[in-house]
Amino acid sequence: MDVLPKIQALRDELNQHNYNYYVLDNPTISDYEFDTKLKELQDLEAKHPEFFDENSPTQRVGGAITKTFETVQHEYRMYSLDNSYSKEDLLDWEKRAQKILGDVPLEYICELKYDGASISISYENGKLKRAVTRGDGFQGDDVTNNIKTIKAVPIKLKGDFPQKFDIRGEIILPFAGFEKMNQELIEIGETPYANPRNTASGSLKLQDSAEVAKRPLDCLLYSLIGNNLPITTHFEGLEKARQWGFKVPTQSHLAKNMNEVFDFINYWDKHRHEMPYETDGVVVKINNIHQQDELGYTAKSPRWAIAYKFKAEQVSTKLNSISYQVGRTGAITPVANLEPVQLAGTVVKRASLHNADQIEKLDIRIGDTVFVEKGGEIIPKIIDVDLTKRPANSEPTKYITHCPECQTELERKEGEANHYCPNFYGCPPQIIGRIQHFITRKAMDIEGLGGETVALLFNNGLVTNYADLYELKKEQIIPLERMAEKSADNMIKGIAKSKEIPFERVLYALGIRYVGETVAKKLAKHYKSIDAIASASLTDLILVDEIGEKIAQSVIEFFDNQENRLIIERLKQYGIQLEAIASADTTVSDVLSGKTFVVSGVFEKFSRDDLKKAIEDNGGKVGSSISAKTHFVVAGDNMGPAKLEKANQLNIPIITEDDFIAMIHG
Ligand code: AMP
Ligand code: ZN
């Protein structure tokens, strides 16, 4: 049979499924089926390198490394937008346009202003040719390899597209994806990203496109550029772009006059927080393309469009003091303690100050009146100082030089934003934080022991590291605050039970910097024992799939430390799993990565717990109830009718335990 037609059919099919999923938000096959087809295509392409196509959906996983981004001239300049902050500004803008165009009726398109990084993408013969950042408007950076990994960006168009054109849009990071990325960073003790916009624009300039592919970026398109495009209005352009396969937000609205523009603005000023991504305003554009041409451009921006910026919810209040928090990894975070004030429906008492640079840049001083704003971040931030209200005797803030908890001199590594307390083994919040991490559900999952009790145990001198937990005696615990015979029993039992926790989770529990759940799994699978990891060399570690130099270095440092080695020896003596148990039926892999399963009913080959463990061992997640986020329901006997109905309603595939076994062994 002919291979090429088969390859092409698979490519078309996968492109269509990407479109259904990422543009229409309406998948028609399961992720599993998608992955199976993608794998089939990958295999065929590997066997037939002669049919390589840089625009194949297999290329979306990334892998191309861009050492330096080539500078490219924009064929059509990328202008900025004039900003307006009031309805009067908009009426003035209308008047100016009317003066040039004469007294003709004008129609407007209102769009949301998406807050991300602008991008210009060129297509030729229906194929993505090049993607370039805005840069200075005249020339930008060629980031094609990275843009191709964003699944909402079509690599092959459909319908009656023009032979050659550019399309402009915004690369954004929706809130949900941003929070997930930050959660993962926090888990491995790294500093979370400040906001979605900077993270989105930073992503475009990553050298490794495989890294970009992992980020949940999206691309929203808002304008077509080219010669002789088959459109007479902007609105038509949006509709056409949508037909060719682009993601064009449906909120865009045709307004017959300024009053309708104001209605749109008023509506979205209230409802913008309901959008899954950040919007900072509305862009108003004159609909008719001929009128646009007649109006032309100023030195910086089109005369036919204007941005209306929403007022960020902002208040001013007094900065009473700055406190410095010490995290589990020793990172110092300055926090502003404010005179309590009402902002966007909540009382704000604290705001994030990020780091020393931020304080210095804004010259924030205690006693200052500061402006506080709630943006894309969860914690409000200080955006400026009201210098007119600065007390006469105020002094510049001196950033602390020593740890507020253990008085050790702080360090700041070249190129890092944060200061660190290097007293890893003696600094109380670091010690407590490490033990708290050790007992969490994803780590040793110790029942009967919570974060506050860990602090209590530490403060009473009963534990100074996680190995000490295994030596705790009931008699030592009972006298503690809020402890009784029963709770002490439970704690001891919970600690003893954690000896069954498998090696990969123990490895994660150790809290080695940069070793999160996924990395721990990789290392455990590759080395199979703590001793093997401890004696691995740097080069050896780097050779493990997905382990970079930073992680490898951190692993080496951890095991170089005498105290850590002693703790590990003790854990061994207590019977903690420090070796992987070879088991025949539950393979460990990440074939289920990114998939959420709900387990329902009774099974023959697994207990429910084993089934859940098998899901997690293979990189999947176990959800507690069926929702749109569920990928599969594994159903045994006696699955509840309500669950069945819900799964059918949401079109979630229901699989048997045998299907499941085939999935992890396939
Ligand atoms: P500014 O950066 O403030 O000059 O605003 C101009 C930028 O707004 C453009 O470069 C686009 O990246 C961005 N933008 C976001 N949404 C839209 C939209 N709907 N129409 C035009 N530009 C937009
Ligand atoms: Zn300290």
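1. Basis. The model is predicted: local features need pLDDT of at least 70, side-chain atom pairs count only at pLDDT 80 or more, and totals for chains, interfaces and linings use all residues. Residues are numbered from 1 along each chain as its sequence is written, chains are lettered from A and ligands numbered from 1 in the order written, and side-chain values use heavy atoms, without hydrogens and water.

2. UniProt, in an unreviewed entry, lists Lys 113 under "active site". Such annotations may be inferred rather than shown by experiment. Lys 113 lies in strand S3 (residues 108–114). Strands are DSSP runs of at least two E residues, helices of at least four H or I, numbered from the N terminus.

3. Surroundings of Lys 113. Beyond four places in sequence, its contacts (heavy atoms within 4.5 Å) include Glu 278, Asp 280 and Lys 309.

4. Strand S3. Of its 7 residues, 7 are buried (under 20% relative accessible area, 1.4 Å probe, protein chains only). S3 pairs antiparallel with S10 (residues 279–286) over 7 bridges, and Leu 112 stands opposite Val 282 there. S3 also pairs antiparallel with S9 (residues 253–255), over 3 bridges. Here Cys 110 stands opposite His 253. Pairing requires at least two DSSP bridges.

5. Parallel sheet. An open sheet of 4 strands runs S18-S17-S19-S20. Its edges are S18 (621–622) and S20 (654–655). S17 (residues 596–600) and S18 share 2 bridges; Phe 597 has Val 622 as its partner. Helix H22 (residues 608–617) packs on this sheet, touching S17, S18 and S19.

Technical notes: Axes are lines fitted to C-alpha atoms, for helices over the stretch in contact, and angles run from 0 to 180 degrees between N-to-C directions. Buried means under 20% relative accessible area, exposed over 50%, partly exposed in between (1.4 Å probe, protein chains only).
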